[in-house]
Amino acid sequence: MSKITRPPIVTILGHVDHGKTSLLDFIRKSSVAAKEHGGITQHIGAYQISLPGTSNLITFIDTPGHAAFEKMRSRGARVADIAVLVVALDDGVMPQTIEAIKHIHEAKVPLIVIINKIDLAGIDIAVQLAKIKKQLSDQKINLEEYGGDVPLVSLSAKTGKGVDKLLEMILLVAELNELKGDAQDAPSGVVIEATLDKFKGPIATILIRNGTLKKGEQILLGGVTGKIRAMLDFNGQAIEEAGPSTPVEILGLTDVPKVGVLLGNELESEKVDEQVSLLDKLKMGERKTLKVIIKADKQGSLEAIQASLDKFNLERKVIDYIFAGIGDIGEENIKLAATVGAIVIGFNVKVVPLAAQLAENEHVLIRTYNIIYELLEDIEEVVNTLLEVGQLEEVLGKANILAEFPFGKNERVAGCRMIEGVIAKGQKIRVVRVGQIIGETKLKFLKKVKEEVNKVEKGNDCGMLFDPAIDFQIGDVVESFRVI
Ligand code: GDP
């Protein structure tokens with residue numbers, strides 16, 4: 001198992017029109033690797049260059065303008081070893097620059113800042129540079145010249161002046177970060193582009209992170225299988241195998257995989273191992289814990305959420321992470337949640353329709369959020385309840401008691417208006433008065449006007465007869481709930 005130094009994978013981020021495409025084009029056109037093959041004949045989502053006079057390679061992720069770029073921009077920073085942030089000299093830091101910085105910080109990738117368009121006439125470069133440096137430090141970018149670790153290179157993607165300095169800087173940063181790969185390993189990588197070609201069928205561009213991918217190999221890409229029928233490098237040349245840091249286009253998949261899915265990676269299998277051992281622990285069932293499955297849009301968010309939730313585990317371990325991963329909430333997450341009795345938390349992700357259906361059938365609680373502190377507030381409440389009451393409940397429906405009617409000899413029916421969710425026969429029911437629980441009961445009957453029904457939903461009026469009877473008052477709230 002000999003580890004070799006692998007080429008750095010670089011992504012270029014920045015505000016629209018600041019020159020990402022121009023810079024990628026300039027580098028590609030002036031690179032030796034491209035020229036050797038008689039120029040670029042086609043565009044795939046990444047390319048590799050070698051520096052003139054050296055054997056040093058650099059892989060660039062080249063996705064601006066692509067439909068999936070919005071997605072890739074967040075992932076790009078994660079897939080990449082080094083992020084290059086482009087800031088145009090005339091514009092300075094703009095909204096998308098700030099967004100890119102957020103991604104870079106979250107992904108914790110080494111960063112190089114470049115100031116582009118230094119060829120522009122009529123700009124006092126020194127004044128403008130000073131302004132941009134201040135803007136950058138406001139965004140918590142610690143430039144080298146102020147004692148930080150972020151280098152800054154000024155260049156022009158139009159004339160090419162300073163581009164060589166950027167490439168040298170990339171190699172320097174790569175060297176400092178000791179990027180290692182092992183061509184003997186099983187291949188791992190990420191899909192950076194995928195389309196359906198009318199003639200060739202599904203095509204995916206994979207960036208190999210480690211190991212070697214070979215033609216003829218059977219692969220799995222996030223649920224899509226295939227046998228590699230053909231493999232092309234970024235110049236469109238057929239190749240037999242691709243090693244660490246190489247972008248390749250592959251043919252032979254049964255379907256179009258999603259951008260961002262991983263190729264047979266170690267991370268996933270680590271997670272599975274973790275899942276299995278956690279399952280063992282849970283089966284022993286000695287603790288009262290909140291079991292959670294977290295899905296988030298990106299690694300950075302996932303780490304931030306886990307780090308924040310970990311504060312609950314400081315004194316007592318109350319949160320058990322059953323699984324934490326990237327991507328939408330799918331059926332497999334719900335199945336796992338149902339098996340172990342976990343709740344599913346989503347951050348900036350969707351619930352796949354089939355998964356939503358399954359969750360309803362399996363009574364799995366899903367909560368999705370777009371704002372981290374809302375997620376944390378909710379979980380805090382849940383954890384506190386768990387610590388106080390020793391069990392967790394989910395309120396399924398709420399109704400206000402607006403009237404009462406005598407029934408039979410000495411019973412009373414509560415005339416209610418549903419204000420939230422659903423109340424159904426067979427559910428656990430309780431009556432709450434100003435936040436205090438008056439009593440727990442069940443429904444003997446539930447009536448809509450005169451007709452007996454099995455459930456009522458938000459907005460409907462209904463009559464409820466409690467069994468056992470409860471000494472309710474007008475103004476009380478009826479809640480249906482379940483113990484998680
Ligand atoms: P992107 O949206 O970040 O990919 O930006 P583009 O590469 O498409 O560039 C936006 C505009 O800026 C285009 O009109 C480019 O020609 C121009 N541009 C890019 N780099 C430079 C540069 O170094 N100097 C000058 N003067 N114009 C540039």
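Residues are numbered from 1 along each chain as its sequence is written, and side-chain values use heavy atoms, with hydrogens and water left out. Because the model is predicted, local features need pLDDT of at least 70 and side-chain atom pairs count only at pLDDT 80 or more, while totals for chains, interfaces and linings use all residues.

## Nonpolar cores

A nonpolar core is a set of buried Ala, Val, Leu, Ile, Met, Phe, Trp, Tyr and Cys residues joined through side-chain atoms within 4.5 Å. Buried means under 20% relative accessible area, exposed means over 50%, and partly exposed is in between (1.4 Å probe, protein chains only). Helices (H or I, at least four residues) and strands (E, at least two) are DSSP runs, numbered from the N terminus.

The largest nonpolar core has 29 residues. L23, F60, I112, L166 and I170 have the most contacts inside this core. At least two of its residues come from each of β2 (9–14), α1 (20–30), β3 (46–50), β4 (57–61), β5 (82–88), β6 (111–116) and α6 (163–176). The most is given by α6, with 8 residues.

Contact means heavy atoms within 4.5 Å. Neighbours within four places in sequence aside, I170 is in contact with P8, V10, I58, F60, I82, V84 and I112. Another core, of 21 residues, lies apart from the largest one; among its residues are L290, A296, Y321 and I379. In soluble globular proteins, nonpolar side chains tend to be buried together.

In α1, the residues K20, L23, L24, I27 and R28 are buried. They cover an arc of only 130° around the axis, which puts them on the same side of α1. The arc is that of the directions from the helix axis to the C-beta atoms.

Helix α5 covers residues 125–138. At 1.5 Å a residue, its 14 residues should span 20 Å, and this agrees with its end C-alpha atoms, which are 20 Å apart. The expected span is 1.5 Å times one less than the number of residues.

Which residues of α5 are buried? They are Q128, L129, I132, K133 and L136. Seen down the axis, the buried residues of α5 fall within an arc of 140°, so they line one face of the helix. They pack against β5, α4 (95–107), β6 and β7 (152–154).

## Ligand site

The ligand is surrounded by 15 residues, the closest being D17, K20, T21, S22 and D119.

| Ligand atom | Protein atom | Distance |
|---|---|---|
| Oxygen | Polar backbone atom of G19 | 2.9 Å |
| Oxygen | N or O atom in the side chain of S22 | 2.6 Å |
| Nitrogen | N or O atom in the side chain of D119 | 2.7 Å |

## Backbone exceptions

Most residues other than glycine have a negative phi, and most peptide bonds are trans.

K140 is not a glycine, yet has a positive phi of about 65°. K140 is found in the loop between α5 and β7, and at 62% relative accessibility it counts as exposed.

S245, also not a glycine, has a positive phi of about 75°. The loop between β14 (241–242) and β15 (247–253) holds S245. Is S245 buried or exposed? At 0% relative accessibility, S245 counts as buried.

D467 and P468 are joined by a cis peptide bond, with omega about 0°. P468 lies in the loop between β27 (461–467) and β28 (477–483).

## Residues brought together across the sequence

E106 is in helix α4 and counts as partly exposed, at 30% relative accessibility. E106 and L302 are 196 residues apart along the chain, and their C-alpha atoms are separated by 9.7 Å. Not counting residues up to four places away in sequence, E106 touches K298, G300, S301 and E303.

A414 is in strand β22 (residues 411–424) and counts as buried, at 0% relative accessibility. A414 and C462 are 48 residues apart in sequence and 8.2 Å apart in space, C-alpha to C-alpha. With neighbours within four places in sequence left aside, the contacts of A414 are I401, A403, C462, G463, M464, F466 and F472.

Notes
Near = heavy atom within 4 Å. Polar contact = N/O pair within 3.5 Å; in protein donor to acceptor, adjacent residues only side chain to side chain.
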